[in-house]
Amino acid sequence: MDFPATQPKPTADGKIIYYPPGVKEITDKITNDEVVKRLKMVVKTFMDMDQDSEDEKQQYLPLALHLASEFFLRNPNKDVRLLVACCLADIFRIYAPEAPYTSHDKLKDIFLFITRQLKGLEDTKSPQFNRYFYLLENLAWVKSYNICFELEDCNEIFIQLFRTLFSVINNSHNQKVQMHMLDLMSSIIMEGDGVTQELLDSILINLIPAHKNLNKQAFDLAKVLLKRTVQTIEPCIANFFNQVLVLGKSSVSDLSEHVFDLIQELFAIDPHLLLSVMPQLEFKLKSNDGEERLAVVRLLAKLFGSKDSDLATQNRPLWQCFLGRFNDIHVPVRLESVKFASHCLMNHPDLAKDLTEYLKVRSHDPEEAIRHDVIVTIITAGKRDLSLVNDQLLGFVRERTLDKRWRVRKEAMMGLAQLYKKYCLHAEAGKDAAEKVSWIKDKLLHIYYQNSIDDKLLVEKIFAQYLVPHNLETEERMKCLYYLYASLDPNAVKALNEMWKCQNMLRMANLSYVYIVFNHVENLPDPGKAQDFVKKFNQVLGDDEKLRSQLELLISPTCSCKQADICVREIARKLANPKQPTNPFLEMVKFLLERIAPVHIDSEAISALVKLMNKSIEGTADDEEEGVSPDTAIRAGLELLKVLSFTHPTSFHSAETYESLLQCLRMEDDKVAEAAIQIFRNTGHKIETDLPQIRSTLIPILHQKAKRGTPHQAKQAVHCIHAIFSNKEVQLAQIFEPLSRSLNADVPEQLITPLVSLGHISMLAPDQFASPMKSVVANFIVKDLLMNDRSTGEKNGKLWSPDEEVSPEVLAKVQAIKLLVRWLLGMKNNQSKSANSTLRLLSAMLVSEGDLTEQKRISKSDMSRLRLAAGSAIMKLAQEPCYHEIITPEQFQLCALVINDECYQVRQIFAQKLHKALVKLLLPLEYMAIFALCAKDPVKERRAHARQCLLKNISIRREYIKQNPMANEKLLSLLPEYVVPYMIHLLAHDPDFTKPQDVDQLRDLLAKFTFHRQSAANRGSEQTQQFAQQFTQKGARRDLHFCSLWCTFPQVWS
């Protein structure tokens, strides 16, 4: 090539510096602008040179050395420094693999100088950015920094380089910039002898959340760099975590306190980076430090739970060790483990089986917060996708609806309600999912049986918002209710009916808003505070006439659902205080309003229900699609309307509704017709005056049902006539006279319905029919029917048989006994001494064990039926004070002994009837003593039932005394403790107690006495103590034969 014309200048060591053609000498004697101008030409020359230009390489070697002088490396002008850096980068390229600089110190200075210039990459809008990019590209392509491996302190250069590149990367850089940075750094990592801790820190620091949030591009750069160098850098990472986690040397790195954050990020980048670290985490899971275990559990929860993680399958020992933390002694660790389960179930359904057993244990955890979070975990996963939670997991939530803590119960109930609405009501996942959670509706309604007012209020809220959302349009809402009712189990139906009855009772009681204030705070949560709040509400109502009128409209029987919604919102708006975000007073009032507001049922809703039922009758409804048969839908629809006829009678008053009910009366289904009659009975008070056409059609149907319908239909027909017609005496006489004349004991199957009708007629209209009935009773009921056995029963030895196998004659006799009782209950006096005769007849039936004629023609199962009927009849008569007075102790004893009958069904049914009458306070106190006889019942369940009945009765009586101050005047007939003398009398006359000196018999009596008194002791009160003191002071022990045994045989009682 041609040699330059420029005059060469010797260096300090005598070497001649040749400059490219046209470039004058560069010294400190010229201006910066001139230096820049000349350097640009030098840069151009070096840029165009390649490694094969040996002559030029030799010629410009002095210039290359000169450019590394202090004048250039420490020049204050950044343009000069940039141009020099570009020249030096090209020099390393041209002279590779041997650099022209032999001094290690000089090489260090040069690379630190070049590294500093790379900071210019930060500003992509700078005019010089292309030169900075050229510098980076050149260094990356040539791998110039690899020369530094020969230097002892090369790590300082690399650390500075890495920090510089991570600090300058930003979102304005294109892909090429990032690629060259990666090439530059990865070559250093992969071709070196190892990565020092300081250099590793310069990479890992970008993964820490604080740094990650500051510079997302630096995080991405570090992420890609680690992925690219995973094989090389993994041992270094493993060593770092080993030092910190196992050896506890936190001083090895400033990042030691961030090890768990780093592990999480590294795992997300590439799990292979942590191949040697995971066993270390298993070691930390077993640490004695609870806080340390908690930190590891939090970390592993994220690793196992992340969506694409297969750590649980790849590292089973670690997974099993982690699951063990569900049983950790440290509460926060267990809590964190439970919280993890939700993400795991959603992201890894295949692990549900492993988690189920551990969640089961935690669902019974002594800590409330953990039980609560188990529910949240399962429900959260279930709401995401029902297939993520198995039946066993849902069962855990079901169990927690009965948790002892309200917060846990509430979460379980609300969670199940949300699942039901999502998958059953909205059918978001098809029929299979709906079937899987179909049990929820029943379970939620069962909770209404709980004693807590909080539970009841929440069930009402759930019903209104989730089971049958009140904000649906009327037709849709009633369709939802119609098919819900048809698919509920019997206990859930009873609970729902009870809920409506309670709400109706509140509405009726609240017709006077003053009554709200002083009598119904027990229907609100926290009655103590409620007392103050409702007094305040009363004051507000007194001051605001408009508010008062809205409340009166709300509790009016004619209030529609839409009006109720408007009233509730308007009252809440007026009581709201913008300056008080949380207003307990407003919340309490809203609780009350929500309970009494008719949000579901009004005239429009009843009409929609009737139309749905008509479609079922016509066969045009969606019954099969909704999972119920048409017959079931019709029957359930009638039952639903029957219940609503009690609670919302005014909503039924329309010709359309009654026409549909008349159609039901003509159906062959006996239960449908019975329900329809009962609806007429409950709602038809204005039929006679407002709907004469309905009246004229209804009367002959009721007459027909009273004469030839089923016993239940006959009963309802008689009551319906008595309730809704003004000329009821004429109507009842038209039924009574032909029936009384047609009675024929030789055809018992045709006697049952007439006997039912006659009995109810005599009870409802005693003044009109008492005398005619007396001759029927004397001449037919007793002499012709009860005192004769026309047929011979089967001698199969069975003590009980199903209803359909009972002979018509025995069924007729049972109805005859009931007729006697109804006749007497109607008269309510014993002037004719008919009650004495009846009681003697019933006692004789009990003494003869049901075979009144003692001809032994009747079967044992039929005798059981008659004993039950006789005992129940005496108990029924005892509910009327005028008859209770004439029941002798012997008759009481015979009645009581029915609870010890040899037939299990007799004992069971009699105990249920006894309990039902006692809890309603219909029976005198002494009848509660009968439960003491259950102590020796051979069936454990019967003993348990008797104890529960006792506890319930004692609780109800004490609560009644507490709520009714006037009851203190009648303590002798109410306080459970006063049953003791009656119980002693009953036990002393027990037929099994024949030998007062027999210790075994005394032990049996003691067991019965203790059985009763232990139940009472479990419900002790102040009155209990007073009674015990009075009982002792009055010397009751000395006066009663049974108590004298206490002193006679102390060894027994001890």
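A cavity, on a 1 Å grid over the protein atoms alone, is a set of points where a 1.4 Å probe fits but cannot get out, and lining residues have an atom within 4 Å of a point. I worked on a predicted model, where local features need pLDDT of at least 70, side-chain atom pairs count only at pLDDT 80 or more, and totals for chains, interfaces and linings use all residues. Residues are numbered from 1 along each chain as its sequence is written, and side-chain values use heavy atoms, without hydrogens and water.

**Cavity**

I searched the whole structure and found 1 cavity of 30 Å³ or more. The largest cavity holds about 40 Å³ of space, a volume being the space filled by probe spheres set on grid points joined across faces, edges and corners. I listed its lining as Leu786, Asp789, Lys813, Met845, Gly850, Leu852, Thr853 and Leu866. I sorted this lining into 4 nonpolar, 2 polar and 2 charged residues. Here Ala, Val, Leu, Ile, Met, Phe, Trp, Tyr, Cys and Pro count as nonpolar, Asp, Glu, Lys and Arg as charged, and the others, Gly among them, as polar.

**Pocket**

I next looked up the second largest pocket, which holds about 780 Å³; a pocket is an open set with protein on both sides within 12 Å along at least five of seven lines. Its lining has 26 residues, and Tyr420, Cys424, Leu425, Ala434 and Glu626 lie nearest its centre. Helices H23 (406–425), H24 (430–436) and H27 (474–487) each supply at least two lining residues. Helices are DSSP runs (H or I, at least four residues), numbered from the N terminus. H27 gives the largest share, 6 residues. By class I noted 11 nonpolar, 6 polar and 9 charged.

**Helix pair**

I checked H16 (residues 290–305) against H19 (residues 331–347): their axes come within 9 Å and cross at roughly 0°. Axes are lines fitted to C-alpha atoms over the stretch in contact, with angles from 0 to 180 degrees between N-to-C directions. H16 and H19 are therefore roughly parallel (under 35 degrees). The contact (heavy atoms within 4.5 Å) includes Arg293 and Phe304 of H16 and Glu336 and Phe340 of H19. It has 7 nonpolar, 5 polar and 3 charged residues.

**Positive phi**

Most residues other than glycine have a negative phi. I found Lys856 with a positive phi of about 60°, in the loop between H45 (834–847) and H46 (860–877). Lys856 counts as exposed at 67% relative accessibility (over 50%, 1.4 Å probe, protein chains only). Leu921 has a positive phi near 60° and lies in the loop between H49 (904–919) and H50 (940–963). At 28% relative accessibility, Leu921 counts as partly exposed (between 20% and 50%).

Note on methods: Angles under 35 degrees count as roughly parallel, over 145 as roughly antiparallel, 65 to 115 as roughly perpendicular and the rest as oblique.
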